[in-house]
Amino acid sequence: MPRERILVVEDEPEIAELLKDYLEAERYEAILCKDGEEALRTFRSSKPQLVILDIMLPRMDGFEVCRVLRSESDVPILMLSAKKRDTDKILGLGFGADDYVVKPFSPGEVIARVKAQLRRQSRLSVAGEQAERIEYPGLELNLRAYEVHVRNRLIHFSAREFEVLRFLASHPNRVMTREQIFGSVWGMDEFGDMNTVTVHVKKIREKIEIDPANPTYIKTVWGIGYKFDGSRR
């Protein structure tokens, strides 16, 4: 069975080699890159199953690399940063990262998060084999093809955005807490925080709502979570 390939984008050699050693000890194939431009070239040629991406990189920073990767692929992205501010975490998640680790970190924690992301990706791939559709006026989800049509236009969704929308649209008129959404899409045993749910809902609204500031599909229930308006059927 071929080993899963992990692309590590880190300009500090000591950290890069440490991650490589731990990944290879878990029987992953680790590919190292030291700047953003090299990372994009290597990603396109090697097609890794997951990317570990530092934010502070030469030539192109991690946020921009993440944005480009997410426009091309749904590969899981785990961001690394020495910055501890919540705004940096939210910015990384907003660009499409799936998880975020602050330096200094335990290599064992990073490996655990890598495994969690790969398990999650495997579950999403299995779910994509279902031959089902969810339809509302102006909105159609094809669960087999992982496609979303908004007012008859095909709109690109990342795998996680699709799963959040699918979960909400599958439970119309029911208030879903952020914890319930996180548990369904990311798994209750996974690492992460509820900010990622908020970020993903914001991005979904920007894609499906005529006026994201006044949503008609996904309503906020303040202090609790979100509700998909099923009256639009």
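The C-alpha centres of domain 1 and domain 2 lie 25 Å apart in this predicted model. The chain is divided into domain 1 (5-125) and domain 2 (133-228), with bounds taken from an automatic or database domain assignment. To the contact between them, defined by heavy atoms within 4.5 Å, domain 1 contributes 17 residues and domain 2 contributes 19 residues. Residues are numbered from 1 along each chain as its sequence is written, and side-chain values use heavy atoms, with hydrogens and water left out. Local features in the model need pLDDT of at least 70, and side-chain atom pairs count only at pLDDT 80 or more, whereas totals for chains, interfaces and linings use all residues.

The area buried between domain 1 and domain 2 (the accessible area, with a 1.4 Å probe, that two parts lose on being put together, summed over both) is about 1,600 Å², and carbon and sulfur atoms give 49% of this area.

One salt bridge (a side-chain nitrogen of Lys or Arg within 4 Å of a carboxyl oxygen of Asp or Glu) is found across the interface of domain 1 and domain 2. D98 forms a salt bridge with R160, in which the closest N and O atoms are 2.8 Å apart. On the side of domain 1 that touches domain 2, the elements that give two or more residues are α4 (86-94) and α5 (107-127), helices here being DSSP runs of H or I with at least four residues, numbered from the N terminus. The largest share of this side, eight residues, comes from α5.
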